[in-house]
Amino acid sequence: ADFPILTARLAGGKPLTYLDSGASAQKPRVVIEAVSDCYAGYYANVHRSKSSLGMRVTEAIEAAREKVRGLLNAERVEEVVFTPGTTASINLVADTWGRANVGAGDEIVVSLLEHHANLVPWQRLATDVGATLRFLELTADGEIDPAKIGDVVGPNTKLVAVTALSNVLGSVTPVAEIVAAARAVEAKVLLDAAQSVPHTPTDVRALDVDFCVFSGHKLYGPSGVGVLYGKYDLLEAMPPWQGGGNMIERVYDDRSTWAPPPAKFEAGTPAIAEIIGLGAAVDYVEGLGLEAIAAHEADLTRYAYEELSKVPGVTIHGPPGDRRGAMVAFTLEGAAAEDLNFLLDRAGIAVRHGHHCAMPLHDRLGVSASLRASFGLYNTRDDVDLLVKTLVAARKRLRLD
């Protein structure tokens, strides 16, 4: 009931069964109202004015920054940089820290689980500077093999950039083992937490990662805003990403000096209302409790894995239901993912089909596309039952029985 869109009706009067939170989560009323209240009641530019509106907006932005710091348990609020999203956060690190620290003969370690956003920037960097990409080994279930991390992370490794949770298989990354291997060779670690932050507590100090990135829109917040967490000494040493207003200390006619982090990386006018909305989203999930959310979704994921496994012809990709995040990607023998998506949509069920911005992983799976049902805190077993019932009906419609 907190999510207006989930009580609305689709064309034809069908209720919406939303199973696509892995792509983007729906927004609770408190987030919608926070964005609306900003635009309707106190919008002004941030960090620019001492007017009452300007000061109120600046206070709201910095309050949101502190909320994100608390969400991640970062040591300093200055370690929280607002960006347009996860993709921008990763590109920021690649174009600043990466170009200053990675050179010819160095290695960047990733995995085949990565979303294109955590692969393509490193491909570009490696090509431009003469570095090499290396890939962590996967098990038969599509999990990073902890026993083989040391075979890949070695003396030439400068950075390990990995997802915390596969956006296709739901595989949970062994972060502690990866960080330990990186520390042994003095490499840095970037954690793509876009899929994990909305579902489970994230403590960047306990994990000891150097960078952590996520997007607001997957955390029940607005689109257009994301977060880069970086250890302060790293952010301080990194060159700026973009030039413009707010990121400067002093501009002369022939040179400039930079403001300290996070301002150094926040050139121009940010997504003001969206950042405030992200702060409201953090309040919302923390009010429910991330531990409670994780427990609810774990139960739902196990149930979905069990029930989908009973549908003839279904192949579920990835680890078992008790070792995965809140999603299930699958294929149905004899049916194209796009056709199934169409039939599910006619029943009011929103899922995602395709390669999910993970083409190399689908190549490894031997399929061109899959269907993915991904869960949020608002989903129930009834949603899973409807998905399974509709898939069974689709088999008959497609004459697969």
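**A tour of the predicted model**

Select Leu138: this residue is buried, with a relative accessible area of 10% (buried means under 20%, exposed over 50%, partly exposed in between, with a 1.4 Å probe and protein chains only). The model is predicted, with residues numbered from 1 along each chain as its sequence is written; local features need pLDDT of at least 70, side-chain atom pairs count only at pLDDT 80 or more, and totals for chains, interfaces and linings use all residues. Side-chain values use heavy atoms, and hydrogens and water are left out.

Leu138 sits in the loop between strand S4 (132-136) and helix H5 (149-152); helices (H or I, at least four residues) and strands (E, at least two) are DSSP runs, numbered from the N terminus. Show its contacts (heavy atoms within 4.5 Å): beyond neighbours within four places in sequence, Leu138 touches Leu112, Leu113, Glu143, Ile144, Asp145 and Arg364.

Next, select Glu62 and Arg65 in helix H2 (residues 52-72), where they are three residues apart, about one helical turn. Their side chains form a salt bridge (2.8 Å, N to O), the term for a side-chain nitrogen of Lys or Arg within 4 Å of a carboxyl oxygen of Asp or Glu. Arg65 is buried at 2% relative accessibility, whereas Glu62 is partly exposed at 29%.

Move to Asp210 and Arg183, another salt bridge (3.1 Å, N to O). Asp210 is in the loop between helix H7 (204-207) and strand S7 (211-215) and Arg183 in helix H6 (residues 175-184), so the pair ties together parts 27 residues apart in sequence.

Then pick Lys310 and Glu307, whose side chains meet in a salt bridge (3.0 Å, N to O). Lys310 is exposed, at 59% relative accessible area, and Glu307 is buried at 17%. Salt bridges with shared partners link Arg183, Asp208, Asp210 and Lys231 into one network.

Now select Leu165, Val172, His199, Thr200 and Gly325, the closest to the centre of the largest pocket among its 24 lining residues. Its volume is about 400 Å³. On a 1 Å grid over the protein atoms alone, a pocket is an open set of points with protein on both sides within 12 Å along at least five of seven lines, a cavity is a set where a 1.4 Å probe fits but cannot get out, and lining residues have an atom within 4 Å of a point. Points are joined across faces, edges and corners, and a volume is the space filled by probe spheres set on them. Helix H10 (residues 290-309) gives the largest share of the pocket lining, five residues.

Last, select Val46, His47, Arg48, Asn246, Glu266, Gly268 and Pro270, which line the largest cavity, of about 40 Å³.
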